[in-house]
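Take a moment to turn the model before reading on.

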Amino acid sequence: MPDILLDVRNLKIGATVYPPGEAPKDIEIVHGVSFQLEKGKVLGLIGESGAGKSTIGLSSMAYGRGGVRITGGEVFVNGRDILKAGAAGLRALRGREVTYVAQSAAAAFNPAKKIMEQVIETTLMHGLATRAEAEARAVALFGKLGLPNPQTFGDRYPHQVSGGQLQRAMTAMALCPEPDLVVFDEPTTALDVTTQIDVLAAIKEAIHATGVAALYITHDLAVVAQVSDDIMVLRHGKTVEYGTVSQIIETPKEDYTRALVSVHAIAHEEKPATAEPVLKVENVTARYKGTNFDVLKNVSVELHPGQTLAVVGESGSGKSTLARAITGLLPPSQGRITFAGRELSRELKDRKLDDLRELQMIYQMADVAMNPRHTVATIIGRPLEFYFGLKGDAKRKRVQELLDEIEMGRGFADRYPAELSGGQKQRVCIARALAAKPKLIICDEVTSALDPLVAAGILRLLLDLQKIEGVAYLFITHDLATVKSIADSIAVMYQGAVQRYGGKTDVLTPPYDDYTDLLLSSVPEMKLGWLEHVLAHRKMESAGN
Amino acid sequence: MHPILKLVTQRLALGLLLLLAASALIFIGVELLPGDVAQSILGQSATETALRNLREELGLNEPALTRYFKWLFAALQGDLGTALTNGQSISKAVGERLGNTLFLAFWAALFSVPLAIVLGLIAVRYRNRWPDKLISGITLSTISLPEFVAGYLLMYLFTVKIRLFSPISTIYSGMSLGEKLSAIALPVMVLVLVVLAHMMRMTRAAILNVMQSAYIETAELKGLRPFVIIARHAFPNAIAPVVNVVMLNLAYLVVGVVVVEVVFVYPGMGQYLVDHVTKRDLPVVQACGLIFAAVYIGLNILADVISILANPRLRHPK
C-alpha cells in the first residue's frame with residue numbers, strides 16, 4: 001500500500017455570490033471532487049478559470065479565499081482530517097506540513113520586509129530550526145533555485161529583484177520549513193516564456209531534490225505535463241478526467257481534454273505582401289522623458305492592408321513601446337511613421353480626427369478598458385457617435401450589427417461589463433474598435449489574460465473579421481503559439497531593437513539567431529520530456545531573470 | 001544624491017515656502033481688519049492729532065509691504081514685537097506659554113498615540129465583532145462629547161467624588177515634574193479622549209485596507225497568528241496614512257486646545273491668544289498666528305518625511 005499524503009474525498013466547496021440587484025445567494029462551485037496524492041509525487045490540476053482548481057488546491061490547507069468555504073467532504077493530510085482541525089490545528093498545518101506558492105510572487109511578498117525575513121519566518125515560528133540554521137537552509141535553497149548571489153539575495157527587498165527571481169524566492173519560502181506538500185498555484189503564468197522555462201526547471205529540480213509532494217495548478221497543459229506524475233482535468237468544479245500524464249497527453253478520453261491538448265491548432269496561411277503598406281515605421285528611435293536610454297532603437301517595420309504583423313518579445317523588449325510610438329503617446333525622437341499614405345504627426349495632440357479613427361487599439365485587460373458603469377450598447381455606441389455622429393435608431397442598428405459580428409447576438413446590449421465573461425468583454429472591446437471603421441487595430445496582448453480555449457475563440461474571431469473588414473492588425477504578444485496561428489509577418493524584438501523581421505515562414509524557419517532560438521524553444525510543448533530536452537540544447541541563457 | 005535626501009529637501013523647501021505664504025496671509029488678514037493698532041491703543045475717543053502722532057511713532061504710515069518685511073525679518077530673528085496691552089515683549093510671553101502648551105501636548109500625545117494604535121490593531125483583529133464595536137463605540141462617544149463637558153465631567157469625578165487631582169491645572173516654573181504631571185492629569189485625559197477616535201479609526205481603516213493584499217493571504221497560509229499578521233505584516237504597510245492623521249491630531253493638541261485650557265485654567269497658547277483677541281491686541285494675534293502656522297506646517301512636513309522613510313521603495317532604491 002503506497003504512502004498516501006493527501007486524500008481528498010468528495011470535496012464540496014461553496015461560496016456566497018452577490019448578483020447585482022438581487023439578494024445574496026449561496027452557490028456550489030466544486031461538486032464532489034476526490035483524489036489522492038502519494039508522498040513525493042506531483043499532481044497537476046488543470047482547467048480554465050472558474051474550474052475551481054485554485055479553490056481545490058487551497059482546500060488542502062483548509063483555506064477558502066474571500067467568501068469561499070468548504071461545505072462537504074473530507075480532506076486528510078498525513079491521515080488527519082484537517083477540516084476538523086480547528087484554528088490552532090490549522091496554524092500548525094499551514095506553513096509546516098503544507099505550504100503555498102502563489103501566482104504573483106510580486107504581490108505575495110510583503111513589500112516592507114526583506115526577503116530573508118519572509119523566507120525563514122515560518123521555519124522560525126514553528127520552531128523548526130534556529131535562525132542561523134534557517135538562514136543557512138534559505139541560502140542553500142536560493143542556490144539550488146539558481147538565484148544570483150545566494151549569500152546576499154535575502155538582504156534585498158522584494159521590489160529590488162525581478163519577477164522571475166521573486167517567483168523562485170517564493171518557492172524557496174515554501175520549501176524552507178521542509179513541508180510534506182507544496183501547493184503551486186500557477187507559479188509561472190505571470191512570467192515571460194523565456195523566464196518561465198527557467199523557473200519551471202528550478203521548481204522541478206527542487207521538487208526532485210527535496211522529495212516533497214506537490215499540487216501543481218495551471219491552465220497550461222503543456223506546462224503541467226513537464227512536472228507532474230498525474231493530471232486531473234477540471235471543469236465547472238467537476239473532474240473531467242484523472243490519470244497519469246502520458247495517458248492524458250497521449251490518449252485523452254474526454255472531448256474537453258482533447259480540446260485542451262489541441263488548443264494551438266489554428267491554421268493560418270501567410271498572405272503575400274501587397275504593393276502599398278498601410279503602416280510604415282521607418283528608423284524609429286524613442287526614449288521616455290527625463291531618461292537617457294533609448295527604449296526603441298532604430299525600428300523599421302511594414303504592415304500591409306488586411307494582414308497581421310506580430311510583434312513578439314519578452315517584457316521590456318519594447319513591443320508595447322512601439323505601439324505607444326505609433327499611437328503618438330510616446331513621440332519618437334527620430335524616424336518616421338507613415339499611415340494610410342500620410343505621415344503621422346509625432347504627437348498625439350497634433351493628429352487629425354481621421355488618424356485617430358482609423359487607428360484603434362484593443363488592450364490586454366478588457367476589464368479596465370471599459371467603463372464599468374456603461375452598458376455594452378453605450379460602450380460600442382460611443383465611437384459611432386464621436387466619429388460618425390450616429391444617434392437614436394441608426395446608432396442602435398449599427399450597435400446590433402457589430403454585436404452580431406462578434407457573435408454576441410441579442411440580449412447583450414443592455415448588460416454591464418461586470419455581467420460578461422472575460423472572453424465576452426474582449427469581444428466587446430473588439431466591437432468598439434471596429435465601430436470606428438479602422439484600417440489598423442493594434443492588439444496589445446489581447447489574449448494573454450484569457451483561458452486557452454477562450455483565447456482561441458478570440459483569435460478565430462479576429463481572423464474572420466480581418467477577412468470581412470480588411471483591417472490590418474499589429475499584434476503584440478509574448479506568446480509564440482498565438483503568433484503562429486495569426487501572423488502574416490513577424491518582428492522579434494529584443495532590448496528595444498528588431499532582432500529578426502520578415503514573413504512568418506521565413507522568420508520561423510531555421511537557421512535562427514540565438515535570441516529567436518531561445519524564444520521559440522521556450523514555448524512549452526505538449527510532449528513528455530520537453531523541458532529536459534530544451535534545457536540540454538539551448539544556445540543562450542534568458543536575459544537577466 | 002540619495003532619492004530620499006532629495007525628497008526630504010524638497011519637502012523642507014516647500015514647507016518654508018508655505019510658511020512664507022501663511023505669514024503673508026496672516027499679515028493681510030490683520031491689515032484688513034477695520035481700524036489699526038493706533039486706534040486700538042487710543043480708543044474710539046482719540047483725537048486726530050494724537051492718532052497721527054502715534055502712527056508716526058509706530059511706523060504705521062509706511063507702506064504695508066515695508067511693514068510686512070520688517071515684521072517678517074524681526075520674527076525671523078526671534079523678535080515678535082511688543083504687546084499693546086502691557087508693552088511687554090511678545091517673544092518672552094509666547095516662549096513661556098508655548099513651553100506650557102508643548103508640555104501638555106507632549107504628555108497627551110505620549111498616551112494617546114500608542115493607545116490609539118493598539119486599539120486600532122485590536123479593532124482589526126476582532127473586526128465586526130464585539131471588541132471592535134466596543135472600541136469604536138467608546139472612542140466615537142468621547143469624540144462626540146464637547147471638550148468642556150468631558151472636562152467638567154472628569155473634574156467632577158476626580159476632584160469632587162474622588163479627591164485625586166486639583167481642578168486647577170495652573171503650572172509655574174518652581175514646580176517639580178511630579179507636581180506638574182499631577183496638575184495636568186485632567187486636561188491630558190480630556191485631550192486623549194478627544195484625539196483618540198480619529199487616530200484609532202484611521203489605524204483601523206488603513207490596516208483593513210492593507211488586509212486585502214495578497215501578502216496577507218501569504219501570511220495566513222504560513223499559519224501565523226492573526227495578531228502577528230496584523231502587527232508584523234499589515235501595520236508596517238499602513239504607516240503612511242496613520243502618521244498623517246497622528247500629525248494632524250498633534251497639531252490640534254498644540255493649536256486647538258483653547259477650551260480645555262480655559263476650563264482647567266492652564267496657562268497655554270490658546271488662552272493667551274483668546275485673551276489678546278478680545279483686547280484687540282493685533283501684534284500678539286499676528287505672532288500667535290505665525291507660530292500656529294509654523295507648528296502645523298512643521299508637523300505635516302514631519303508626517304511627509306516619516307511616510308517617505310516608511311516606504312521601502314524609496315529607502316532602498318533598485
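Start with two side chains, one from each chain. B:Arg232 and A:Glu121 form a salt bridge, with 2.8 Å from N to O. A salt bridge here is a side-chain nitrogen of Lys or Arg within 4 Å of a carboxyl oxygen of Asp or Glu. The rule finds three salt bridges across the interface of chain B and chain A.

A word on what you are looking at. This is a predicted model, in which local features need pLDDT of at least 70 and side-chain atom pairs count only at pLDDT 80 or more, while totals for chains, interfaces and linings use all residues; side-chain values use heavy atoms, with hydrogens and water left out. Residues are numbered from 1 along each chain as its sequence is written, and chains are lettered from A and ligands numbered from 1 in the order in which they are written.

Now widen the view to the whole interface. Between chain B and chain A, 16 residue pairs are in polar contact, both residues at pLDDT 80 or more. A polar contact is a pair of N or O atoms within 3.5 Å; within protein, one must be able to donate a hydrogen and the other to accept it, and residues adjacent in sequence count only if both atoms are side-chain atoms.

Contact means heavy atoms within 4.5 Å. The area buried between chain B and chain A is about 2300 Å², and carbon and sulfur atoms give 56% of this area. Three residues stand out: B:Glu217, B:Leu221 and B:Lys222 supply 30% of the area that chain B buries against chain A, more than any other three residues. Buried area is the accessible area (1.4 Å probe) that two parts lose on being put together, summed over both.

Follow B:Leu221 across to chain A. Leaving aside neighbours within four places in sequence, A:Leu58 is in contact with B:Leu221, and also with A:Tyr63, A:Arg65 and A:Tyr100. A:Leu58 lies in helix α1 of chain A. Is A:Leu58 buried or exposed? A:Leu58 counts as buried, because its relative accessibility is 1%. The cut-offs are under 20% relative accessible area for buried, over 50% for exposed, and partly exposed in between (1.4 Å probe, protein chains only). A:Leu58 and A:Leu215 are 157 residues apart along the chain, with their C-alpha atoms separated by 9.8 Å.

Next, look at the backbone of chain A. A:Ala62 is not a glycine, yet has a positive phi of about 55 degrees. A:Ala62 sits in the loop between α1 (53–59) and β4 (68–77). A:Ala62 counts as buried, at 17% relative accessibility. A:Glu186, also not a glycine, has a positive phi of about 50 degrees. The loop between β7 (181–185) and α8 (193–210) of chain A holds A:Glu186. A cis peptide bond joins A:Pro510 and A:Pro511, with omega about 5 degrees.

What about the cysteines? The structure holds zero disulfides over all chains. A disulfide is a pair of cysteine sulfur atoms within 2.5 Å.

Finally, step back to chain B. It has 15 helices and zero strands. Its C-alpha atoms fill a box of roughly 85 × 60 × 35 Å along the principal axes. Buried residues make up 44% of its 318 residues. B:Leu153, in helix α7 (residues 147–161) of chain B, counts as partly exposed at 47% relative accessibility.

Notes:
Helices (H or I, at least four residues) and strands (E, at least two) are DSSP runs, numbered from the N terminus.
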